[in-house]
Amino acid sequence: MARRRWQPWKSLATAVLLSTACTDPELPPDGPAPYDWKLPAGFPTPRVPEDNPMSEAKVQLGRSLFYDKRLSLNGTQSCGSCHEQERAFTDGRVHSVGSTGQAHRRNGQGLANVAYATSLTWANPALTTLEAQALTPLFGTEPVELGNADQQEALLGRLREDAALSERFAEAFPGEATPVSLATLTRALSSFERSIISGTAPYDRYLFGGDVQALSPAAKRGLELFLSERLECDHCHSGFNFQDATAHDATPEPILPYHNTGLYNEDGRGAFPATDPGLIELTGRAEDMGRFKAPSLRNVAITAPYMHCLLLHI
């Protein structure tokens, strides 16, 4: 078989986490300054919803909220409890554990470069924005994460009691009649999550920086295999973010690919375990049996366990 020509826009790397929240910009007379992404070389500008433009005030407010345990009903967990920065915003567990101690059937996903992701859970095509996805850990019951089901006003009340925090909401969302609301809470969290950009890996320096010594000979051999028709790793882990479910401000309508890697055959016809059959659980379509999203390979050295939620059944 003929060897496929190397495609430099397809990349393999283990990146060092780089969270790029920038310093406060000065505000010009005609309105807020554009957000300074400070993107690594080779990274396009992320796609941002029109109703939640990026601002430094939102990012910094969202950062505080991300680590605020008042977001859980019993005050024991924050978003950062299951998305630890030192683990590229994963938790290192096979089963994540919610604020009530309930063990989940899946593990926490990494949030590095989540601004580019078109699919925000392992197998739910209905959640396509960070603002919508934030409602799941806040209020979801299957499984319980932060545990605020039916307690929206209690959650907002805890935040409103903090005068300094309320003032930060007002600064981040000027003109809002009710600065501390569910909408502003999810928008601030989402803005912070979009600011978590990871790049400048050895591969990035090799490809975008012209440093031919950035990759070892072994890594270069691995790259050849990664891009080869023999292994086809890059078919699912493609592009600058090593993930096919990727979009940015220059891409057309985002796609939501899901894949069955063939790890199970419970019934002789390819069935996955009933405890977690994949996309079919929501769509009911036979062809969606065992299909999950392909995770990014950024920071892969520190985001074990691997094979995403499928490890739960091994």
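Select His83 to begin: this residue is buried, with a relative accessible area of 19%, where buried means under 20% relative accessible area, exposed over 50% and partly exposed in between (1.4 Å probe, protein chains only). The model is predicted, so local features need pLDDT of at least 70 and side-chain atom pairs count only at pLDDT 80 or more, while totals for chains, interfaces and linings use all residues. Residues are numbered from 1 along each chain as its sequence is written, and side-chain values use heavy atoms, with hydrogens and water left out.

Next, display the surroundings of His83. Apart from neighbours within four places in sequence, His83 is in contact (heavy atoms within 4.5 Å) with Phe66, Phe89, Thr90, Gly108, Gln109 and Leu111.

Now trace the chain on either side. His83 lies in the loop between α1 and α2, and Cys79 is found in the loop between α1 (56-66) and α2 (130-133). Helices here are DSSP runs (H or I, at least four residues), as are strands (E, at least two), numbered from the N terminus.

Select Cys79. At 13% relative accessibility, Cys79 counts as buried. With neighbours within four places in sequence set aside, the contacts of Cys79 are Phe66, Leu71, Leu146 and Leu189.

UniProt positions are given in the numbering used here, feature names are shortened, and annotations may be inferred rather than shown by experiment.

Move on to a further group. The unreviewed UniProt entry also has a "binding site" annotation covering Cys233, Cys236 and His237. Cys233 is placed in the loop between α8 (217-226) and α9 (280-283), and His237 is found in the loop between α8 and α9. Is each of these two residues buried or partly exposed? Cys233 counts as partly exposed at 27% relative accessibility, whereas His237, at 16%, counts as buried.

Finally, zoom out to the whole protein chain. The chain has 9 helices and 0 strands. Of its 314 residues, 46% are buried. Among contacts with a separation of 6 or more, residues 24 or more positions apart account for 64%.
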